[in-house]
Amino acid sequence: MNKVLIIDDEKQILDSLSSILRDDGFQVFTAKEGKEGLELFDAVKPEIVILDIWMPELDGLQVLNMIKEKDKDAIVIVISGHGTISTAVEAVKVGAYDFLEKPLSIDKVLEVISRGLAGEEKKTGIAADVKVGISKGPGVYMQKTIGKSIVVYGVGLHSGVKTGMILLPMPEGTGIVFEHIPDGERIPAHIDYVFSMGYASTVKGKNCQVRTIEHLMATCHMYGITNLLVKVSEEVPIFDGSAREMCNNIEEAGIVEQKEGVGPLIIDAKINLANLGNGRYLSIEPSEKFEVEYVLEHPKPIGHQSYHFAGDKDDFLQNIAPARTFGFIRDFERLAKMGLGSGGRVNNVILLNEEEVVNTTLRFPDEFVRHKVLDLIGDIYLLNRPIIGKVSAKQTGHLENISLVKELQKVSAR
């Protein structure tokens, strides 16, 4: 029988949570403050600790530090009724296994406990409507997740707010799912939940939304990550405007190949988006691998640029991931009037006037078109499965990318 220690100064939480966990077969111990909790931790050696952040005398972060000093491998689930993404990030940075917001969902509590007890690999349910289909047989790609939980910091491009993000491993069949903090709502990173795609790709649930997901999705695409929980507030950090730091974080976490597979969507006939106008086009056609060919045409200082990506993860890391978001100063002024773009700064976006780049040195002579490829690689992964086909694009953005993914969804449903 697994032992669970609950440390919380709210009697109602202690009584209700302990009763539910006992009914589920756990041996439960409770403490109403930090010092008592530490004594019980030494005495009973629990497999799981559920720890409240806000307590008198010793607060949860202090207790968490002390538990980790006693046992660096202790599985501690932090809970809070006044949570923010910064609190969650700090708790996980100190060593918490996961962070849950009050009022607690017992399904989420049991899910996190199960993952912890099974070394993050036990197959459990998740409160999301869209999951990765499990496939077997030839041509199947193995599902993947990250090797450990990681925390990252940054600024939201459109909100301008300092934010953080927690990435957690998830079992086979879960899919990539965002969990909004502090609301706790889970939103699948899937085409069915795409809400906005003008200046960034955004997914929306019943009550919450998460913006600017495209660079994270591109990174997951190229690393083959199919199962991931992303705890964040309303916007994924923009970092330096590229996906380079996101890749570094994924490298730090490591990639774990899982036991089940996922079937790729193999394009067997060309699909064209019609009536785009102004010389724009976007299509996908059969190919032996995933490819993107993009043409970008603007007046100077951008000019005519084209790029053909047909590489693997290493090619992506070297040639696509470092390419940064770009925009004209006049566009950011317009975005500011719309309440967007306030996180665009001299160190996280390429700024242009009518004549030249004004704030940085380009990483590539054709960095602009490479960034358009980066965005497309992210958007097309909103089916949460590999695509085998060649995408050809000219002058298109998130709006057209999402339209193409919707057409692909129709194909995959046949």
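With which residue does Asp240 form a salt bridge, and how far apart are the closest N and O atoms?

Modeller: The model is predicted, so local features need a pLDDT of at least 70 and side-chain atom pairs count only at pLDDT 80 or more, while totals for chains, interfaces and linings use all residues. Residues are numbered from 1 along each chain as its sequence is written, and side-chain values use heavy atoms, with hydrogens and water left out.

The partner of Asp240 is Arg363, and the closest N and O atoms of this salt bridge (a side-chain nitrogen of Lys or Arg within 4 Å of a carboxyl oxygen of Asp or Glu) are 2.7 Å apart. Since Asp240 sits in the loop between β14 and α7, and Arg363 in the loop between β22 (350-352) and α10, the pair ties together parts of the chain that are 123 residues apart in sequence; here helices (H or I, at least four residues) and strands (E, at least two) are DSSP runs numbered from the N terminus. With a relative accessibility of 14%, Asp240 counts as buried (under 20% relative accessible area, with exposed being over 50% and partly exposed in between, for a 1.4 Å probe and protein chains only). Arg363, by contrast, has a relative accessible area of 28% and is therefore partly exposed.

The loop between β14 and α7, where Asp240 lies, is also the place to look for a further pair. Glu235 forms a salt bridge with Arg211, in which the closest N and O atoms are 3.9 Å apart. This pair links distant parts of the chain as well, with Glu235 in the loop between β14 (228-232) and α7 and Arg211 in the loop between β13 (209-210) and α6, 24 residues apart. Both Glu235 and Arg211 are buried.

The side chains of Lys390 and Glu293 meet in a salt bridge with an N to O distance of 2.9 Å. Because Lys390 belongs to strand β24 (residues 390-394) and Glu293 to strand β19 (residues 291-297), this pair ties together parts that are 97 residues apart in sequence. Glu293 has a relative accessible area of 33%, so Glu293 is partly exposed. Beyond such pairs, salt bridges that share partners join Asp98, Lys108, Glu111, Arg115, Glu179, Arg186 and Lys231 into one network. Over the whole structure, the search finds 23 salt bridges.

What Asp375 does have is a polar contact of 3.3 Å between its side chain and that of His215. A polar contact is a pair of N or O atoms within 3.5 Å; within protein, one must be able to donate a hydrogen and the other to accept it, and residues adjacent in sequence count only if both atoms are side-chain atoms.
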